[in-house]
Amino acid sequence: MPVPKAELHLHIEGTLEPELAFALAARNGVTLPYADTEELREAYRFEDLQSFLNLYYELMAVLRTERDFEDLANAYLARAAAQGVRHAEIFFDPQAHLARGVGMGTVVEGLWRALAASETTHGVSTRLILCFLRDESAESALETLDAAKPYLDRITGIGLDSAEVGHPPVKFRAVYEAAAALGLRRVAHAGEEGPPEYITEALDVLGVERVDHGLRCMEDPALVERLVRERIPLTLCPLSNVRLRTVDTLADHPLPAMLDAGLVCTVNSDDPAYFGGYAGDNFDAVRQTLGLTEERLRELARNSFTASFLEDDEERRAR
Ligand code: ADE
Ligand code: ZN
């Protein structure tokens, strides 16, 4: 039996498996520039974050209807449940869909059809986190938050993703303030490819409660000390870091050192269809390659629930 866990760093668009991509392409009359799933899988060799993002955005062309988003979410939830995920906080990237003429309502209502039934269908509770694309403008982020206002009963929080370097958190101060005023929870990707200063800025300027990735905090001992003292959770994604070459090999991953330093680490899959594994696969990989003890693995699972946005009673039920 896989260990019960929560997944806190998961882009729903990054769960689009090649088989589903081709099925949705056929359903929607979209032509993909790949002959078949094998040729598409061949394209999954990434140099860095941007080379991955190029393919990630390209394949979204197959997502057009509410049913597409519902099918995508159900496929993810089924796989996650099979690997012991009891709770999932799911990112989505509305700007990438709005730019293609797919409305906020189509995306949110489609995802919601799967999420609303998920506890019954999959035994997985869920939250939805709207992410802003940091390589788009601050004005676009504000417009996107505005477009989400009719759906705020379905959205728990906001996040910040896409190309990090050159797009510091401070660029999004206004939209994070507006979101906080609406009662939304706040997280942001920081310190994946970007410098440790972006982590500090995400905390001080955006008021984030969790840092997504946060890997590069290890370059700044004073920042590590602060993250430990303030018990700020980090949502690490080990297989993603290897595929996007943030670390050379899994054996070089700083997770053991991060745990030894007292950081509140969690293990997640990021974009599992692209990076070679779901949440349980990430747990298995760090157990095998990094030699984590059973106690460390239990700590990671425990952290995933305490760092979640579940209420205490929900958390107890999910564990
Ligand atoms: N969007 C999807 N996956 C991402 C990642 N790992 N970093 C930044 N943006 C993303
Ligand atoms: Zn991510």
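**Leu203 and beyond**

A: Not counting residues up to four places away in sequence, Leu203 touches Val208 and Ile232 (contact means C-beta atoms, placed from the backbone, within 7 Å). This is a predicted model, where local features need pLDDT of at least 70, side-chain atom pairs count only at pLDDT 80 or more, and totals for chains, interfaces and linings use all residues. Residues are numbered from 1 along each chain as its sequence is written, while chains are lettered from A and ligands numbered from 1 in the order in which they are written.

Q: Which helix does Leu203 lie in?
A: Leu203 lies in helix H10, residues 196–204. Helices (H or I, at least four residues) and strands (E, at least two) are DSSP runs, numbered from the N terminus.

Q: Why does Leu203 count as buried?
A: Because Leu203 has 20 C-beta neighbours inside 10 Å. Buried means 20 or more other C-beta atoms within 10 Å of a residue's own, exposed means 12 or fewer, and partly exposed is in between.

Q: Switching topic: how many residues of strand S4 are buried?
A: 5 of the 5 residues in S4 (157–161) are buried. Gly157, Gly159 and Asp161 point one way, and Ile158 and Leu160 the other. In a regular strand the side chains alternate between the two faces of the sheet.

Q: What does S4 pair with?
A: Strand S3 (residues 125–133) runs parallel to S4, joined by 5 bridges; pairing takes at least two bridges found by DSSP. Leu133 has Asp161 as its bridge partner in S4. The chain gets from S3 to S4 through helix H8 (residues 138–148), in a right-handed β-α-β crossover. Right-handed means that, with the strands pointing away from the viewer, the path from the first strand over the helix to the second runs clockwise. S4 also pairs in the parallel sense with strand S5 (residues 185–190), over 2 bridges, and Ile158 stands opposite Arg186 in S5.

Q: And which residues are around ligand 1?
A: Among them are His11, Tyr56, Asp161, His189 and Asp271; near means a C-beta atom, placed from the backbone, within 6 Å. By class, the shell has 2 nonpolar, 5 polar and 4 charged residues. Ala, Val, Leu, Ile, Met, Phe, Trp, Tyr, Cys and Pro count as nonpolar, Asp, Glu, Lys and Arg as charged, and the others, Gly among them, as polar.

Q: What is Phe92 in contact with?
A: Leaving aside neighbours within four places in sequence, the contacts of Phe92 include Ile12, Val107 and Leu111.

Technical notes: Two residues are in contact if their C-beta atoms, placed from the backbone, lie within 7 Å.
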